[in-house]
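Hello,

Here is the structure I promised to pass on to you. Please open it beside this message as you read.

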Amino acid sequence: MNMFIKKIMGNTNKSTRRNKQKEETRQLILTVAQKQFTENGFAKTTMRSIAEEAEIAVGTIFVHFADKSALLAATFYEIIAQQTEMAFATLPAEATLKAKLLHMARSLYSYYAQDVTLSRTLLKEILFMDGEWGDAHNQQALTFITSLAEWLKQEQENGTLNREANVTIIATSFFSHYLFVLITGLRAPSFAVDAQIAQLDALISPILN
């Protein structure tokens with residue numbers, strides 16, 4: 001093997017190691033941030049406190065995230081991705097179509113109910129966020145609607161949904177009602193999952209008939 005090839009391979013290995021280390025550091029920051037946001041709240045969590053617990057320099061956090069709001073958005077993005085995946089994976093096989101949709105909503109509402117104060121901050125920071133993380137959350141919502149529409153097509157094939165129904169419209173309507181109920185629920189003095197599910201149930205019933 002000539003020296004030129006050895007040099008290229010050496011540089012490639014170094015680049016791979018750097019990328020791996022960078023991703024490990026990013027995940028460490030997200031893990032610590034999520035812990036502190038949950039335990040201390042958004043306002044009391046600082047970039048310095050995250051850096052100290054993660055045992056890294058404050059400047060290292062800024063290599064990955066522009067500010068605390070971006071870090072919150074990144075943390076929230078991963079949590080919602082996990083909750084959504086779990087909601088789809090745990091769908092009750094023998095339930096009605098509406099019961100399955102409400103199951104998805106309950107899985108997500110239950111997360112928000114764990115810490116209502118933090119959940120209010122999450123939506124406040126993210127709903128109108130611009131830039132990279134604003135785009136990421138918008139895309140995440142669109143991906144959810146697309147996945148839901150594809151799942152509804154399967155329900156049509158199984159005979160649990162009218163074959164003439166427009167699955168994209170149903171998926172979009174469901175997400176809109178889900179988000180409306182979430183926002184109104186978090187604006188209330190307390191967030192009761194059962195009450196929010198009952199409200200969502202009433203809203204989505206017409207679109208499934």
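Below is what I found in it, starting with the overall make-up.

A word on the ground rules: this is a predicted model, where local features need pLDDT of at least 70 and side-chain atom pairs count only at pLDDT 80 or more, while totals for chains, interfaces and linings use all residues. Residues are numbered from 1 along each chain as its sequence is written, and side-chain values use heavy atoms, with hydrogens and water left out.

The protein chain has nine helices and zero strands (DSSP runs, H or I of at least four residues for helices and E of at least two for strands, numbered from the N terminus).

After α7 comes Gly159, with a positive phi near 85 degrees.

As for overall shape, the C-alpha atoms fill a box of roughly 70 × 50 × 30 Å along the principal axes. The radius of gyration of the protein chain is 21 Å, whereas a compact globule of 209 residues would have one near 17 Å (taken over C-alpha atoms; the globule rule is 2.2 Å times the number of residues to the power 0.38).

Buried residues make up 40% of the 209 residues (buried means under 20% relative accessible area, with a 1.4 Å probe and protein chains only).

Enjoy exploring!

How values were computed: Buried < 20%, exposed > 50% of the residue type's maximum accessible area, 1.4 Å probe, protein only.
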